[in-house]
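Hi everyone, thanks for coming. Please bring the sequence and the structure up on your screens, and we can walk through them together.

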Amino acid sequence: MKPDNSEEQPKKPPSLQDILANAMKSAVDYGSTKAGLETKTCSNCGAARPADTNLQFCDYCNNPFY
Ligand SMILES: [Zn+2]
């Protein structure tokens, strides 16, 4: 009698590490958009100016920050 082995190769569930890495990634992405209320943002396009730069103009649309 032959057993029915149609599911001989079950899918491996994602490892805990994969899940954590994924969560970290999305958390970082989410955090970067909301990081620091002090971050200057372009009044024209809303792009955030990196805090540790002396950019005078928006990197994306060249709108002056000041
Ligand atoms: Zn801009």
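Two notes before we look. This is a predicted model, where local features need pLDDT of at least 70, side-chain atom pairs count only at pLDDT 80 or more, and totals for chains, interfaces and linings use all residues. Residues are numbered from 1 along each chain as its sequence is written.

So, the overview. The chain has one helix and zero strands; helices (H or I, at least four residues) and strands (E, at least two) are DSSP runs, numbered from the N terminus. Of the 66 residues in the chain, 2% are buried. Here, buried means 20 or more other C-beta atoms within 10 Å of a residue's own, exposed means 12 or fewer, and partly exposed is in between, with C-beta atoms placed from the backbone.

Our first stop is C42, in the segment after helix 1, which covers 16–34. Why is C42 called partly exposed? Because it has 19 C-beta neighbours inside 10 Å. Beyond its neighbours within four places in sequence, C42 is in contact (C-beta atoms, placed from the backbone, within 7 Å) with residues including A47, C58, C61 and F65.

D52 is exposed because 5 other C-beta atoms lie within 10 Å. Its C-alpha is 9.7 Å from that of T39, 13 residues away along the chain.

Last, N62, again in the segment after helix 1. Phi of N62 is positive, near 65°. Most residues other than glycine have a negative phi. With 11 other C-beta atoms within 10 Å, N62 is exposed.

Key: Contact = placed C-beta atoms within 7 Å.
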